[in-house]
Amino acid sequence: MLDVNEILDEARMIKASDVHFTVGLPPIVRVNGDIKKFSKYPDMTEPLIVGIINQITTVKHKQTIQQGNDADFSYVSTAGQRHRVNVYRQRGYHAVALRLLLNEIPTLKDLGLPPMLGDFALRPRGLVLVTGPTGSGKSTTLAAMIDHINRNKNCHIITIEDPIEYIHNHKQSMITQREVGVDVDSFAGALRSSLREDPDVILVGEMRDFETINAAVTAAETGHLVLSTLHTTGAADTLDRIVDVYPAHSQGQIRSQLSNVLVGIVSQTLLPTADKKGRCAALELLKATDAVSALIREAKIFQIPNTLATGKSEGMFTLDQHLAQLVRSGKVTEEIAKTRCHDRKEFDQYLGVK
């Protein structure tokens with residue numbers, strides 16, 4: 001039987017972000033965005049993967065998996081390192097994906113994120129959204145923002161996560177962390193009950209359905225700071241996604257609500273650095289100025305990209321502007337940046353390419 005803890009420790013030594021177990025391949029690791037075979041180990045078979053699953057699951061998780069369902073949970077290795085785990089089935093076999101989490105919560109400065117995110121985090125109320133594709137570092141950015149509040153503000157923070165990824169210790173603030181499927185049944189249910197638990201700040205791991213989005217907006221309206229994520233690729237796309245979740249007759253109302261509660265949106269994606277020693281975040285940053293709020297209220301969300309592009313004095317910028325800046329500073333290559341830009345012509349313009 002393979003020792004999962006040994007594999008995870010070795011994966012951390014080579015700075016892997018993920019480890020995968022799937023039938024027919026040795027363990028697969030993702031390093032700086034690329035997947036590689038851990039060839040020192042044998043090709044995985046169903047019995048070997050079941051052995052891995054048995055090492056990392058509780059009785060409750062085993063029951064979920066035996067019923068043929070996917071299972072999401074956290075796992076702490078013998079070395080004390082935390083992991084986010086998904087067990088699923090493919091072609092009739094079991095497979096496992098593990099995200100390797102940091103025990104130490106990085107600061108916003110450590111992550112190279114703009115100071116404005118710290119300003120967003122210390123707002124007394126409103127809605128802050130961190131968006132991007134899977135694996136773009138949203139959870140780490142949110143953890144850094146929560147830690148920023150924890151260090152600088154005396155308040156009650158409630159997090160609702162699936163599963164809990166980063167463990168926060170009480171500092172200036174009191175932190176209550178609730179895990180979906182362990183402490184609560186659902187994001188939406190936990191959000192509703194959290195309003196009776198005297199919170200100042202609520203972190204919602206993901207706004208994945210109408211009920212959760214509606215509850216999050218309501219919580220922000222009633223005087224709380226709400227932070228959450230969406231799997232969208234830009235500020236305008238994020239706002240459209242929220243509005244489109246609502247029935248047509250309610251869309252005017254949700255636009256009005258968003259215009260009142262939105263604090264800001266940061267959209268991010270991770271790119272390998274030019275020296276190939278790590279990854280850095282490319283961002284799009286929207287601040288809910290009066291002009292932005294008016295565009296949301298008046299159903300002119302399509303004009304927001306232009307507001308972003310001309311919003312430098314307010315600290316705003318588009319993804320293409322930030323990508324061009326990262327290329328100019330030598331942090332990422334032009335070739336890699338072009339694979340992530342929204343508009344090739346605009347990116348070339350910001351880069352000064354004729």
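Which residue in β11 is the bridge partner of Leu-129? Keep that question in mind while you set up the view. This is a predicted model, in which local features need pLDDT of at least 70, side-chain atom pairs count only at pLDDT 80 or more, and totals for chains, interfaces and linings use all residues. Residues are numbered from 1 along each chain as its sequence is written, and side-chain values use heavy atoms, with hydrogens and water left out.

**Stop one: strand β11**

Select residues 225–230, which form strand β11; helices (H or I, at least four residues) and strands (E, at least two) are DSSP runs, numbered from the N terminus. Six of the six residues of β11 are buried, where buried means under 20% relative accessible area with a 1.4 Å probe, protein chains only. In a regular strand the side chains alternate between the two faces of the sheet. Here Leu-225, Leu-227 and Thr-229 point one way, while Val-226, Ser-228 and Leu-230 point the other way.

The partner of Leu-129 is Ser-228, which answers the opening question.

**Stop two: helix α8**

Select residues 235–245, helix α8, where Ala-235, Ala-236, Thr-238, Leu-239, Ile-242 and Val-243 are buried. They cover an arc of only 160 degrees around the axis, so they lie on the same side of α8; the arc is that of the directions from the helix axis to the C-beta atoms.

**Stop three: the antiparallel sheet**

Six strands form an open sheet here, with antiparallel pairing, in the order β3-β2-β1-β6-β5-β4. Because β3 (34–37) and β4 (71–76) stand at the edges with a single partner strand each, one side of each is left without a neighbour in the sheet.

Finally, select β1 (residues 16–21) and β6 (residues 93–100), which pair in the antiparallel sense over four bridges, and find Phe-21, whose bridge partner in β6 is Val-96. Helix α1 (residues 4–13) packs on this sheet, touching β1, β2 (28–31), β4, β5 (82–90) and β6, where contact means heavy atoms within 4.5 Å.

Terms used:
Pairing = 2+ DSSP bridges. Axes fitted to C-alpha atoms, helices over the stretch in contact; angles between N-to-C directions. Buried < 20%, exposed > 50% of the residue type's maximum accessible area, 1.4 Å probe, protein only.
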